[in-house]
Amino acid sequence: MLRAPFALRQRILALLTNPPIRSIDEPFIPERLLACVEMNTEQIKGGIQTRAELKCPGCGQTKLRISYAGALDGRVDCLEADARGALAVRGACPSCGDQILVFDAAVDGYDAVRARPGGERTPADGGTLQLLSCPDCGLDRFRARLTLTYPDDLPLELPGWPGAFRRIRLSLGCAACKHSLKRFVDRELG
């Protein structure tokens, strides 16, 4: 029987017991959102958290029209999956028309990425989005703040890992009356 040298066995054992993790210097956000955010990433207990202000990738506009698929609670401040399981949020720029898929439970989150490693993932929104209006003033333009939390032990080899966040929080603020939807999306994802 062939045996690996002691030093090699020690390195293999170290990798198995302490797998390498992502560097905080890497962008911890889905690639489709990189051009759409001003972000801040920090190490927190048990993981890494990215906070981002959404903006139009084309013109930099920060007041976006928000469309959603899902069911709103009675107070209109929290979006949940609807009866079909759809939960998605898209932002559209009122100035230039560019659109941003902010979140879709079918493609984003740790469970969705692990379920289809390396494979194509199709967004579930399928054109069934509804435009959100402020419950106070009726305007349809919002400033959006996104917070994504990633696990400490996110595997280096996981394809599509930037979408493998464990928690998402999307807060909206009306651009006119400043009404706040602090937890429009607040979801644990695996």
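Predicted model: local features only at pLDDT ≥ 70, side-chain atom pairs only at ≥ 80, totals over all residues.
Okay, quick one on terms before we look at anything: when I say contact, I mean heavy atoms within 4.5 Å. With that in hand, take Asp 140. Skipping its neighbours within four places in sequence, Asp 140 is in contact with Leu 64, Arg 65, Ile 66, Leu 131, Leu 132 and Ser 133.

Residues are numbered from 1 along each chain as its sequence is written, and side-chain values use heavy atoms, with hydrogens and water left out.

So, the overall layout. The protein chain has two helices and eleven strands. Helices here are DSSP runs of H or I with at least four residues, strands are runs of E with at least two, and both are numbered from the N terminus. Reading from that end, the order is α-β-β-β-β-β-β-β-α-β-β-β-β. Of the contacts in the chain with a separation of 6 or more, 57% are between residues 24 or more positions apart.

On burial: 38% of the 190 residues count as buried. Buried is under 20% relative accessible area, exposed is over 50%, and partly exposed is in between, using a 1.4 Å probe and protein chains only. The accessible surface comes to about 10200 Å², and carbon and sulfur atoms hold 51% of that. Those areas are from the Shrake-Rupley method with a 1.4 Å probe, and for residues, only the protein chains shown count as cover.

Back to Asp 140, then. Asp 140 is in the loop between strand S8 (130-131) and S9. Buried or exposed? Asp 140 has a relative accessible area of 15%, so this residue is buried. Its side chain also makes a polar contact with the side chain of Arg 65, at 3.1 Å. By polar contact I mean a pair of N or O atoms within 3.5 Å; within protein, one must be able to donate a hydrogen and the other to accept it, and residues adjacent in sequence count only if both atoms are side-chain atoms. And if you like C-alpha distances, Asp 140 and Pro 94 are 46 residues apart along the chain, with 9.7 Å between their C-alpha atoms.

Next, the core. Nonpolar side chains tend to be buried together in soluble globular proteins. A nonpolar core here is a set of buried Ala, Val, Leu, Ile, Met, Phe, Trp, Tyr and Cys residues joined through side-chain atoms within 4.5 Å. The largest one has 35 residues, and Leu 170, Leu 172 and Phe 184 touch the most other members. Two or more residues each come from strand S2 (47-54), strand S3 (65-69), strand S7 (99-104), S9, strand S10 (167-174) and strand S11 (180-188). The largest share, five residues, comes from S9. As for Leu 170, its contacts beyond four places in sequence include Leu 54, Val 89, Val 102, Ala 144 and Phe 184.

Leaving out neighbours within four places, Leu 72 is in contact with Cys 78, Leu 79, Leu 132 and Phe 184. Leu 72 is partly exposed, because its relative accessible area is 27%.

Thr 149 counts as buried because its relative accessibility is 18%. Which side chain does the side chain of Thr 149 make a polar contact with? That would be Gln 49, at 3.3 Å.

A pocket is an open set of points on a 1 Å grid over the protein atoms alone, where a 1.4 Å probe fits, with protein on both sides within 12 Å along at least five of seven lines; lining residues have an atom within 4 Å of a point. The largest pocket has a volume of about 320 Å³, that is, the space filled by probe spheres set on the points, with grid points joined across faces, edges and corners. Its lining has 16 residues, and Arg 145, Thr 147, Arg 169, Ser 171 and Leu 172 lie nearest the centre. S10 gives the largest share of that lining, six residues.

Last stop: Lys 178, in the loop between S10 and S11. Its phi is near 70 degrees, a positive value in a residue other than glycine. Lys 178 is exposed, because its relative accessible area is 57%.
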